[in-house]
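Here is a friendly set of notes to read beside the model. Take the points in order, with the structure open as you go.

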Amino acid sequence: MIKIIGDWGVESVAPVQEIATFTYKIFANFVGHELDCDIRTYNNPLQGYPLAHYDKVDGDFVITLSCDSGVYWAQVAYQLAHEICHLYSNYSQQRNHKFKWLEESFCEAASLAVLSYMAKHWTEFTLGKATPNFAGSIDDYVQNLRAEATQTFKTSKEFTDWLSSNMELLEASSTNRELNRIVAFYLYDEVLSSEPSAWAIVETLNTWDCGSDSNFDEFNSSWRAKCEEFSQKLDCVDLLATKA
């Protein structure tokens with residue numbers, strides 16, 4: 001389960017708990033299962049960024065969001081989906097390799113996927129039934145994210161050319177949000193939006209010594225081998241292959 005803890009700047013955290021539970025269940029359904037530990041979720045607006053902590057507390061995962069307030073439901077879902085994706089991506093097993101930008105891009109895509117699903121299915125849970133018009137606000141949030149993806153591609157060749165030319169920047173900073181978002185939208189639009197079961201591929205990330213791969217082509221080969229070992233589909237791997 002996911003547990004909302006601490007001060008969220010609201011009289012009651014019950015709606016925040018519903019948003020958190022809905023967010024978690026959506027992504028867990030994409031991947032195909034829930035995590036084997038509970039998730040403690042706090043909020044600290046002054047932190048400046050959301051964070052999935054490396055260390056557990058009493059066996060629980062710990063996430064700290066940085067939302068302006070618990071009343072901003074779309075922001076809560078956006079940040080939380082991203083951090084939950086880190087938990088599924090074995091984020092603490094391989095912490096500092098230069099290909100972390102791929103995990104970050106998947107996590108950005110997770111936010112997009114969860115919010116898109118939530119907007120379509122908002123009235124299917126209790127809070128949504130009470131506030132049906134909020135589905136439009138969630139959709140607006142998604143469209144604003146899409147507007148921030150400054151690059152689109154007509155062909156896979158255009159994307160892989162762009163990826164190759166921006167690889168140095170991606171490897172220099174795993175959290176270059178502008179570049180992460182471009183990769184995220186491409187992955188989402190080309191595979192993840194039409195085939196949610198493909199999300200299971202995130203569980204193959206960080207399951208080998210990623211630091212031993214000297215470049216992204218080597219990383220991609222290692223990733224492909226892990227996907228085959230885990231019997232995962234290779235659509236996302238193929239999209240990101242910079243060499244034929």
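1. The largest cavity is lined by His97, Phe99, Lys100, Leu102, Glu103, Leu205, Asn206 and Phe219. On a 1 Å grid over the protein atoms alone, a cavity is a set of points where a 1.4 Å probe fits but cannot get out, and lining residues have an atom within 4 Å of a point. Helix H3 (residues 100-121) gives the most to this lining, with three residues. Helices (H or I, at least four residues) and strands (E, at least two) are DSSP runs, numbered from the N terminus. Sorted by class, the lining of the largest cavity holds four nonpolar, two polar and two charged residues. Here Ala, Val, Leu, Ile, Met, Phe, Trp, Tyr, Cys and Pro count as nonpolar, Asp, Glu, Lys and Arg as charged, and the others, Gly among them, as polar.

2. A word on what you are looking at: this is a predicted model, in which local features need pLDDT of at least 70 and side-chain atom pairs count only at pLDDT 80 or more, while totals for chains, interfaces and linings use all residues. Residues are numbered from 1 along each chain as its sequence is written, and side-chain values use heavy atoms, with hydrogens and water left out.

3. How much space does the largest cavity hold? Its volume is about 30 Å³, where a volume is the space filled by probe spheres set on the points, and grid points are joined across faces, edges and corners. The count comes to one cavity of 30 Å³ or more.

4. Asn206 sits in the loop between H7 and H8 and is buried, with a relative accessible area of 4%. Buried means under 20% relative accessible area, exposed over 50%, and partly exposed in between (1.4 Å probe, protein chains only). Asp58 also has a positive phi, of about 50°, although it is not a glycine. Asp58 lies in the loop between strand S3 (51-52) and S4, and at 69% relative accessibility it counts as exposed.

5. Now for the open spaces. A pocket is an open set of grid points with protein on both sides within 12 Å along at least five of seven lines. The largest pocket has a volume of about 480 Å³. Of the 23 residues that line the largest pocket, Pro50, His86, Glu104, Thr175 and Arg177 are the closest to its centre. S3, H2, H3 and H7 are the elements that give two or more residues to this lining, and H2 has the largest share, with five residues. The lining of the largest pocket divides into seven nonpolar, eight polar and eight charged residues.

6. The second largest pocket has about 200 Å³ of space. Its lining has 14 residues, of which Leu35, Asp36, Phe61, Leu87 and Asn90 are the closest to its centre. By class, the lining of the second largest pocket has six nonpolar, four polar and four charged residues.

7. Which residues have the most contacts inside the largest nonpolar core? They are Phe27, Phe106, Trp122, Leu163, Leu192, Trp199 and Trp223, in a core of 87 residues. H3 gives the most to this core, with 12 residues. Such a core is a set of buried Ala, Val, Leu, Ile, Met, Phe, Trp, Tyr and Cys residues joined through side-chain atoms within 4.5 Å.

8. The count comes to 25 aromatic pairs. Rings of Phe, Tyr and Trp (its six-membered ring) pair if their centres lie within 6.5 Å; planes under 30 degrees apart count as stacked, over 60 as edge-to-face and the rest as tilted. The rings of Phe106 and Trp199 have centres 6.2 Å apart and planes at 70°, so this pair is edge-to-face. Phe106 lies in helix H3 and Trp199 in the loop between helix H7 (177-192) and helix H8 (216-229), so the pair ties together parts that are 93 residues apart in sequence. Phe106 is buried at 0% relative accessibility, and Trp199 is buried too, with a relative accessible area of 1%.
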